[in-house]
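Try each task before you read its solution.

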Amino acid sequence: MQQLKRKLLLGDEAIAQGALDAGLSGVYAYPGTPSTEITEYIQGSKLAQERHVHSRWSTNEKTAMEQALGMSFMGKRAMVCMKHVGMNVCADPFVNAAMTGVNGGLVVIAADDPSMHSSQDEQDSRFYGKFAMIPILEPSNQQEAYDMMALAFDLSEKENLPVLVRVTTRMAHSRAAVVTADVPREQNELNYNAKAANWVLLPVNARKRNDVVTAQQPELEQLAASSKYNQYFESDDHSLGIIASGIAYNYVMENYPDGCPYPLLKISQYPLPKELVRKMTLECNSVLIVEEGQPFIEEQVRGVMPGDTVIMGRLTGELPRTGELNPDIVARALGLESKENFAPCDDVVPRPPAFCQGCGHRDVYTALNEVLKDYPQARVFGDIGCYTLGFLPPFKAIHSCVDMGASIGMAKGAADAGQWPAVAVIGDSTFTHSGMTGLLDAINENANITVIISDNLTTAMTGGQDSAGTNKFEAICRGLGLDNEHLKVVVPIPKNMPEITRVIREEIEYRGVSVIIPRRECMQTLQRHIKQQRLAKEAKK
């Protein structure tokens, strides 16, 4: 009989442990809150090391998805992890993975960020799963997050489709005791069962696969309707019914510690189990839909319900249209007294984020602002990373920040429109993630822009993970065709300010593409490296 043990795990860690125990052979990811801890947990796992589970960071989410798809092609189980905006980056291979199908199980983890704690938007990744016509799992607690990984890999291989697992910030970053299996599954053996006719998406092949995947939808819906993770709880009072998904189910139950007095449908597996929804809408006078994120279920319910049941939720105002839910918000929607246990505390003074003391980005912006005093019409296009804080006082140095890698493309577009100076500020990890292609376009047209690649030798914003281009940026820029005369490297420290301002001014005045690389290690990783070196020296004594 299999032995069980309990571990105190974050939701992210439960996903990671569940994947390892389900026979994972490789995790592919680009760091992004709130998904980062999944890969970091696997990187530190003794089991993963013993089994040689691949866990090195990918350059971006698209390459991560493609590499995982390649591992699946060879019959092994692979997982891709990203935050919700990463789904936009990997959308091309993600959607097409449903057309190719899988060989080994392929699971995609999307960590959504309602209320935008560290993100540009509140998008709901469940729409991607529905768009791709693949199964979606949405755990409501850490135990389900662990258990669902085995289900996800089994379901992927049974249905020959990738599976999307969607979590949100509170699920990813809250901790609970999780019962885990003591004996993990063995990894899949390498096999050559992938059929080229499915994986080569010429139109003649893709049309056939499209028919197959479309025909699978009723079976996938029936699997959701019979899933143990989708439960219909009966009750005598049919004046109201409640549909709750994922972590929002917990918010409902926190308001009913003695049991919900109304029929309750818990949804954690999709496609939407329409027969269970119809059962509720036939029995109940009104239905409240409680879901974290966008009105994904609510919009679908309005399309499948029979009769004249009143549907309530985010679209009708009972729940807020944006932001995270919590038990207090759900209590008000249920007509219960709210004790405002989760209301912001007035005693806590807000502390806006700020650059670390000694951060090289500070010196970069100080120098840039000094130079741009002489160019009142200058526009500085920023990017995603610690250096986005340059928008805030005291620097107020950037005018845009849209998505990973957008700075260079936007600077080029502004220059195409006649803007000068047009300056792009991008970080080292973001440059390799998706800035290189924009620079290639700029070089090909000799656009009149100045690009600053602020290199702190790490992916600092998400905790100091390895940066794919470290020590390669000069070679990358030259390889893209940049004139070596206008590729400058500086060290951003106060004593070098005269040199840095001179270089920035000279390259702004140059009518063409120039790249400046201010390079100095992130203060956080520097301190860790100093500590590691000290410990290593002490260990040798």
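**Exercise 1.** With which side chain does the side chain of Arg166 make a polar contact?

*Solution.* Before starting, note that this is a predicted model: local features need pLDDT of at least 70, side-chain atom pairs count only at pLDDT 80 or more, and totals for chains, interfaces and linings use all residues. Residues are numbered from 1 along each chain as its sequence is written, and side-chain values use heavy atoms, with hydrogens and water left out.

Step 1: find the residue. Arg166 sits in strand β6, residues 163-168. Helices (H or I, at least four residues) and strands (E, at least two) are DSSP runs, numbered from the N terminus.

Step 2: find the partner. The side chain of Arg166 makes a polar contact with the side chain of Asp124, at 3.3 Å. A polar contact is a pair of N or O atoms within 3.5 Å; within protein, one must be able to donate a hydrogen and the other to accept it, and residues adjacent in sequence count only if both atoms are side-chain atoms.

Step 3: look further. The Arg166 side chain also reaches the backbone oxygen of Glu292, at 2.8 Å. Leaving aside neighbours within four places in sequence, the contacts of Arg166 (heavy atoms within 4.5 Å) include Asp112, Ser125, Leu137 and Gly293.

Step 4: Arg166 has a relative accessible area of 1%, so Arg166 is buried. Buried means under 20% relative accessible area, exposed over 50%, and partly exposed in between (1.4 Å probe, protein chains only).

**Exercise 2.** At what angle do helices α11 and α13 pack?

*Solution.* Step 1: helix α11 (residues 203-225) and helix α13 (residues 274-283) pack at about 55°, and their axes are 8 Å apart. Axes are lines fitted to C-alpha atoms, for helices over the stretch in contact, and angles run from 0 to 180 degrees between N-to-C directions.

Step 1: that makes α11 oblique to α13. Angles under 35 degrees count as roughly parallel, over 145 as roughly antiparallel, 65 to 115 as roughly perpendicular and the rest as oblique.

Step 2: list the residues that meet. Glu221, Gln222 and Ala225 belong to α11, while Lys274, Glu275 and Leu276 belong to α13. By class, this contact has 2 nonpolar, 1 polar and 3 charged residues. Here Ala, Val, Leu, Ile, Met, Phe, Trp, Tyr, Cys and Pro count as nonpolar, Asp, Glu, Lys and Arg as charged, and the others, Gly among them, as polar.

**Exercise 3.** How many disulfides does a search of the whole structure find?

*Solution.* Step 1: the search finds 0 disulfides, a disulfide being a pair of cysteine sulfur atoms within 2.5 Å.

Step 1: take Cys81. Its sulfur is too far for a bond because the closest cysteine sulfur, in Cys90, is 11 Å away. Cys81 is buried, at 1% relative accessibility.

Step 2: take Cys401. At 28% relative accessibility, Cys401 counts as partly exposed.

**Exercise 4.** Inspect the backbone at Pro34, Pro421 and Lys396.

*Solution.* Step 1: Thr33 and Pro34 are joined by a cis peptide bond with omega about 15°. Pro34 lies in the loop between β2 (26-29) and α2 (36-43).

Step 1: a cis peptide bond also joins Trp420 and Pro421, with omega about -5°. The loop between α17 (406-416) and β15 (422-427) holds Pro421.

Step 2: Lys396 is not a glycine, yet has a positive phi of about 45°. Lys396 is placed in the loop between β14 (379-381) and α17, and is exposed, with a relative accessible area of 60%.
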